[in-house]
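Hi everyone, thanks for making time today. Let me put the structure up so that we can walk through it together.

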Amino acid sequence: QKSREKLDKALDETGKLAQEVGETPPVKQEKESIAAQRSALKTEMERLTKLRARQGEEVKDLRAKVRKECKRLHVNESDFVVDESLEGGAQFKALTQQLQRLDGVVAERVDAVLAARGRIRKLKDKLGENLEFRLAFDGELPGSEGGVVVLEKTAENEKFIRDLAEFKDPGNKDVSLFSRCIGHLKMLESSYSEELDRRKPQKRSRSSDSDGSRSRSRAKKKDKKKRHS
């Protein structure tokens with residue numbers, strides 16, 4: 001009877017530890033002797049105890065990774081928090097899922113920046129050159145000529161000029177400074193679109209075309225009268 005009680009106790013303790021680390025609890029093996037089962041449970045208990053210790057270190061590492069990635073991406077850490085009261089296995093799983101979510105944030109940002117850079121590249125191809133941007137000198141009017149765009153000297157435009165160098169080429173900053181990067185690329189795309197529209201040949205209005213045709217018609221009639229006279 002005491003042997004069975006010890007076996008039940010060992011099963012209960014091993015089962016709780018197995019659940020804690022996220023594994024399936026052991027069950028009684030009716031075909032095996034009590035001694036053999038207790039020996040197997042002792043071995044399993046030792047394995048699970050080591051696993052719990054290892055998971056504890058892994059959970060610490062995962063928490064540090066989540067904090068670091070939230071800081072790098074400038075996102076709210078509270079949106080990726082995991083309850084510390086969860087058992088080791090559950091914490092490990094939850095933290096892994098949060099890291100996967102952060103990987104998704106990175107992927108979305110990369111896609112958005114690549115799309116913006118792609119649109120700008122197409123505008124440059126249509127324009128046939130890269131534009132040069134600078135701030136207006138004192139007394140100089142904003143405008144564009146010969147591929148040089150002169151911008152009004154404002155705080156926003158000063159930031160735009162600084163960001164030209166910061167985000168000239170794709171890099172890690174596209175992701176870590178995403179809001180600033182995508183805002184800059186939108187302004188750059190808008191500037192190229194405006195310059196492209198400015199360079200398009202202006203269509204003559206219908207009224208001017210009709211006036212021109214009427215004047216040409218009158219000129220022809222006058223020529224005919226002169227020849228007859």
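I'll go through a few helices and then a few single residues.

A word on the ground rules: this is a predicted model, where local features need pLDDT of at least 70, side-chain atom pairs count only at pLDDT 80 or more, and totals for chains, interfaces and linings use all residues. Residues are numbered from 1 along each chain as its sequence is written, and side-chain values use heavy atoms, with hydrogens and water left out.

Let's begin with helix α1, residues 2-20. When I say helix, I mean a DSSP run of H or I with at least four residues, numbered from the N terminus. The expected span of a helix is 1.5 Å times one less than its number of residues. For the 19 residues of α1 that gives 27 Å, and the end C-alpha atoms are 27 Å apart, which agrees.

Which residues of α1 are buried? They are L7, A10, L11, T14, G15, L17 and A18. These residues lie on the same side of α1, because they cover an arc of only 165 degrees around the axis; the arc is that of the directions from the helix axis to the C-beta atoms. As background, an α-helix has 3.6 residues a turn, so residues three or four places apart point the same way. On the other side of α1, you'll find K2, K9 and K16 exposed. The cut-offs here are under 20% relative accessible area for buried, over 50% for exposed, and partly exposed in between, using a 1.4 Å probe and protein chains only. Just after α1, look for G22, which takes a positive phi of about 85 degrees.

So what do the buried residues of α1 pack against? Their partner is α2, residues 34-73. Contact, by the way, means heavy atoms within 4.5 Å.

Helix α2 has 40 residues, which should span 58 Å, and its end C-alpha atoms are 56 Å apart, which agrees. Its buried residues include L41, L48, R63 and C70, and the buried residues of α2 pack against α1, α3 and α5. G56 is also in α2, but at 32% relative accessibility it counts as partly exposed. The C-alpha atoms of G56 and F92 are separated by 8.6 Å, although the two are 36 residues apart along the chain. Just after α2, H74 takes a positive phi of about 55 degrees.

Now please find R117 in helix α3 and D174 in helix α5, residues 173-176. R117 is buried at 13% relative accessible area, and D174 is buried at 6%. Their side chains make a polar contact at 3.3 Å, meaning a pair of N or O atoms within 3.5 Å; within protein, one must be able to donate a hydrogen and the other to accept it, and residues adjacent in sequence count only if both atoms are side-chain atoms. The side chain of R117 also reaches the backbone oxygen of F167 at 2.9 Å. Leaving aside neighbours within four places in sequence, D174 is in contact with V113, R117, F167, D169 and C181.

My last stop is α4, residues 155-166, and α6, residues 178-199. Their axes come within 10 Å and cross at roughly 105 degrees, which makes α4 roughly perpendicular to α6. Residues meeting there include F160 and L164 in α4, and M187 and L188 in α6.

Key: Helix = DSSP H or I, 4+ residues; strand = E, 2+ residues; numbered from the N terminus. Axes fitted to C-alpha atoms, helices over the stretch in contact; angles between N-to-C directions. Parallel < 35°, antiparallel > 145°, perpendicular 65-115°, else oblique.
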